[in-house]
Number of protein chains: 2
Amino acid sequence: MEFNYSEALTHLLSHVYRLYRHNVDLLIQEYGVYPGQPPLLMRLTEQDGQIQKELASKVHVQPATLNVMIGRMEKAGLVERRPDADNYRVSRVYLTEKGRLATSAVKSVLKEIEERCFARFSAEDKAVFRQLLQRMHDDLRQLKHENETLTMKGQGGEQTYDAKR
Amino acid sequence: MEFNYSEALTHLLSHVYRLYRHNVDLLIQEYGVYPGQPPLLMRLTEQDGQIQKELASKVHVQPATLNVMIGRMEKAGLVERRPDADNYRVSRVYLTEKGRLATSAVKSVLKEIEERCFARFSAEDKAVFRQLLQRMHDDLRQLKHENETLTMKGQGGEQTYDAKR
DNA sequence: TCCCTTCCATTAGCCGGCTAATCGAGATAA
DNA sequence: TTATCTCGATTAGCCGGCTAATGGAAGGGA
């Protein structure tokens, strides 16, 4: 079927992403921050005291994933959970002073890496790159939607026998 | 420090990557294949019976990670470990018949998603995209190298070994 | 009032990634 | 020959992602 994965653009993209993550990790670990946490920290500096569900949605992660992550960060003293006064069902997340300091350092790191990543990109290069990524994003989102509605239909009438998973 | 993470290209890139992974996962799970396994399967179809260390290097993953993954895949009947006849220290990894079938299906899926990703890319778009990604890759690799040698110096030794965490 | 549903948070259990530590076979030097 | 070193594989333990199941508070309807 002549598909060479090694030469696929998605393969290159994956590789670049992993390399990016690795670099971030190398530079933030000294601040006691772990590789999945920077996006969350960024959202928290934008607005403190958000509820977990909202944060999860913003970070594009499942609420369960976020909950565990916050538990770890709370143990590390970076954030703090406080129940909402009006609604005992939700808990709001706040940055501690330590968390604020760490976030500042992490932000510098992210900025530095971003600059290095695109040091040899012209302004137009960046615009083109963004546009292409956005196009890819939109089509992937569409594909995801197609597959999910398809799966839902399959679950309605009869059971799809899935021995493995 | 005027750095807006939400608008950073790396942020968009991360998002696209995750979306890609998610789509792959949706379509391969029916074949009993998990999201980290496709790259390994692709390498195995290229050449059967490689040793774990070599495979790990090709998939850009630590040997320990690969070892666990192969353990799971072996349990699932996709691959088979056989010790090398000449060197009992290494174990070679082979696709089973079931693994070959699954790989074929996975390859179709990857191809289909690749096509969807870039359906609205002209040939030139793709060439430009590849070139930009490659540039990013090279600079990230350079940055990684700088940070790792830096870390080594900080640890006092001047060994040629990799910088450990 | 009581039941039932809905919603957020949490827990459990899995896979994918990592590092550090250990084991066992080869290779090498004393 | 023996002691040591090297190297691949493995194991243990952690973080980051997911789904499924559980729990508890709000809210709505009979």
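Trainee: Which residue forms a salt bridge with Arg43(A)?
Mentor: A salt bridge here is a side-chain nitrogen of Lys or Arg within 4 Å of a carboxyl oxygen of Asp or Glu. The closest N and O atoms of the pair are 3.4 Å apart, and the partner of Arg43(A) is Glu46(A).

Trainee: What kind of model is this?
Mentor: Residues are numbered from 1 along each chain as its sequence is written, while chains are lettered from A and ligands numbered from 1 in the order in which they are written. Side-chain values use heavy atoms, leaving out hydrogens and water; local features need pLDDT of at least 70, side-chain atom pairs count only at pLDDT 80 or more, and totals for chains, interfaces and linings use all residues, the model being predicted.

Trainee: In which helix do Arg43(A) and Glu46(A) lie?
Mentor: Helices (H or I, at least four residues) and strands (E, at least two) are DSSP runs, numbered from the N terminus. Arg43(A) and Glu46(A) are three residues apart, about one turn of the helix. Both lie in chain A, in residues 38-46, which form helix α2.

Trainee: Does Arg43(A) count as buried or exposed?
Mentor: Buried means under 20% relative accessible area, exposed over 50%, and partly exposed in between (1.4 Å probe, protein chains only). Glu46(A), at 46%, counts as partly exposed. Arg43(A) has 13% relative accessibility, so this residue counts as buried.

Trainee: Which residue of chain B forms a salt bridge with Asp125(A)?
Mentor: The closest N and O atoms are 3.2 Å apart in the pair of Asp125(A) and Arg135(B). Asp125(A) lies in helix α6 of chain A and its partner in helix α6 of chain B, so the pair joins two chains. Asp125(A) is partly exposed at 21%. The partner, buried at 16% relative accessibility, is Arg135(B).

Trainee: Over the face of which ring does Arg135(B) lie?
Mentor: A charge sits over a ring if NZ of Lys or CZ of Arg is within 6 Å of the ring centre and within 35 degrees of the ring normal. Arg135(B) is 5.5 Å from the ring centre of Phe121(A).

Trainee: How is the aromatic pair of Phe118(A) and Phe129(A) classed?
Mentor: Rings of Phe, Tyr and Trp (its six-membered ring) pair if their centres lie within 6.5 Å; planes under 30 degrees apart count as stacked, over 60 as edge-to-face and the rest as tilted. Phe118(A), at 4% relative accessibility, counts as buried. The ring centres of Phe118(A) and Phe129(A) are 6.0 Å apart and the planes are at 55°, so the pair is tilted.

Trainee: How many residues are in the largest nonpolar core?
Mentor: A nonpolar core is a set of buried Ala, Val, Leu, Ile, Met, Phe, Trp, Tyr and Cys residues joined through side-chain atoms within 4.5 Å. Leu40(A), Ile113(A), Phe129(A), Leu40(B), Ile113(B) and Phe129(B) touch the most other members, and the residues in this core number 84.
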